[in-house]
Amino acid sequence: MPKRAILALAVTTVALVLLLSFKTPDDGVPIRGGGTVAADAGATPGATARPRATVRPGAAAVPGATPTPAATSGTGGDTGAATTVDGPVVDTRYGPVQVEISIAAGRIEDIVALQLPTGRRSGQISHVAEPILHQEALAAQNASIDIVSGATYTSDAYAQSLQAALDQAGLR
Amino acid sequence: MISTPEHPMRRVESVMGTTVSLDLREPLVEPGILDDVFDHLHDIDARFSTYRPDSEVSRLIRGELSEEEASLDVRYVLAVCDHLAMVTGGAFDARRHRPDGRLDPSGFVKGWAVEEAAWLIDGAGGRNYWINAGGDIVARGEAEPGRPWRVGIRHPDQADKVTAVLAVSDRAVATSGTYERGEHITDPRSGVTPAGLRSVTLVGHGLAFTDAYATAVFAMGLDGLGWLATDPATAEYAAYAITDDGRGVWTDGMERYLVREG
């Protein structure tokens, strides 16, 4: 079953290839869906300011602000129109970075860079998988794990971790 | 040290406020080298811990020591932390991440200490091993000839389960998240725990930077993935994140590490 879960994860992965093109003129950055963003930190795409929002299913999203993501194939049941939510503008040493998250049927469909300063390398932003929290968690023994990475900040947390179990098995 | 044919050299020890485990496969090294590894971690902890009143960093925080007077190691760490603050636009900031505004380079020190400890093994001829310090990992070589190390990413809700598997060789892996100590990471710029991500796991080359960048991406939330995927400084890093709404999201660079079969 864990194997199937992984396979399902792979098969249903939304292969969103977000190749970002960088003409990067000094006065703005190309945005997906047309238009440019002025490359100063306070600017938001378009004439109207959009609220900052966290990304949760059912969160108040800004509907219809940009076209429906071009790539929605492979997700089967998602027929509803996508809504988009803009992340906060993050200032980096090269300038502001901002992403836009497209949500359809309460799920993240796409992550698009709205603002990228000049001098950035082009790259694919994201692959978005099926929901994983409600899936059957992978059984470590079936997946032949050697090591576990996690935010295990304390020795108490370690004691309850899979890594501790693996260490015990290794020391036995 | 416990030796079995399958796992010739393994150790587990509490240090730096967490638990550090180590697994060395052949070629083995003199057992004393592993003593040196943990001695090094204890030494760094004694000098850099913010929990030890007598550490150099604690004296720095209390103003009993100026940065100019500090040891070369401490000045090096602070300089690199300042560099990281610049690169990450303040999302990783050792001088501002604590609510009380006190200096805290711990987010860099642990990875740096483990990385240096790993060099001791390299220098002694060890080629195939991992060190895991509270979920932050240096993994060198292979588990066995032809098989990379398999690193599970912890499931955010279940401490004894993993949610994805990475195959890595000669890489560092670090995870930041909120499923334990919910307020552990705050965005230094806003002072709030970020929305958007439950955890983020980075794969990179050195653990010190990989760990610091994981902290930064987590502090940025979803935007951090866009930053990591496009900043020239992070070209060799890949990220796998679990969002608040329970989805796996990863950068293009992570594709090569993700294990798809069970």
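These legends describe close-up views of a predicted model.

**View 1. A three-strand sheet brings chains A and B together.**
The sheet is open, and its strand order is S9(A)-S5(B)-S6(B). Its pairing is mixed. Strand S9 (147–149) of chain A and S6 of chain B stand at the edges. Each has a single partner strand, so one side of each lacks a neighbour in the sheet. From one strand to the next, the twist averages 35 degrees. Helix H4 (residues 162–171) of chain A packs on this sheet. The helix touches S9 of chain A as well as S5 and S6 of chain B. The direction of H4 makes about 165 degrees with that of S9(A).

**View 2. Strands S5 and S6 of chain B run antiparallel.**
Strand S5 (residues 149–154) of chain B is joined to S6(B) by 6 bridges. Strands of a sheet pair through backbone hydrogen bonds, parallel or antiparallel. Look for B:Trp149, whose bridge partner in S6(B) is B:Val168. B:Arg150 stands opposite B:Ala167 in S6(B). Why is strand S6 (residues 162–168) of chain B described as largely enclosed? Because 6 of its 7 residues are buried.

**View 3. The largest nonpolar core holds 88 residues.**
The residues with the most contacts inside this core are B:Ile131, B:Leu166, B:Leu202, B:Val217 and B:Ala239. Helix H5 (residues 207–220) of chain B supplies the largest share, 11 residues. Follow B:Val217 beyond its neighbours within four places in sequence: its contacts are B:Val200, B:Leu202, B:Gly224, B:Leu225, B:Leu228 and B:Ala239. A second, separate core has 5 residues, including A:Tyr153, A:Ala157, A:Tyr158 and A:Ala164. In soluble globular proteins, nonpolar side chains tend to be buried together.

**View 4. B:Pro31 is part of helix H1 of chain B.**
That helix covers residues 31–48. Is B:Pro31 buried or exposed? B:Pro31 counts as exposed, because it has 11 C-beta neighbours inside 10 Å and the cut-off for exposed is 12 or fewer. The C-alpha atoms of B:Pro31 and B:Met9 are separated by 8.3 Å. Along the chain, these two residues are 22 residues apart.

The mean pLDDT of chain B is 89, and 90% of its residues reach 70 or more. Over residues 1–5 of chain B, pLDDT stays under 50. The model has 8 contacts beyond four places in sequence for that stretch. Where pLDDT is low, the predicted coordinates should not be read in detail. For the complex, the predictor gives an ipTM of 0.90 and a pTM of 0.72.

Notes: Residues numbered from 1 in each chain as written. Chains lettered and ligands numbered in written order. Predicted model: local features only at pLDDT ≥ 70, side-chain atom pairs only at ≥ 80, totals over all residues. Helix = DSSP H or I, 4+ residues; strand = E, 2+ residues; numbered from the N terminus. Buried ≥ 20, exposed ≤ 12 C-beta atoms within 10 Å, placed from the backbone. Pairing = 2+ DSSP bridges. Core = buried A, V, L, I, M, F, W, Y, C linked by C-beta atoms within 7 Å. Contact = placed C-beta atoms within 7 Å. pLDDT = per-residue confidence, 0-100. Axes fitted to C-alpha atoms, helices over the stretch in contact; angles between N-to-C directions.
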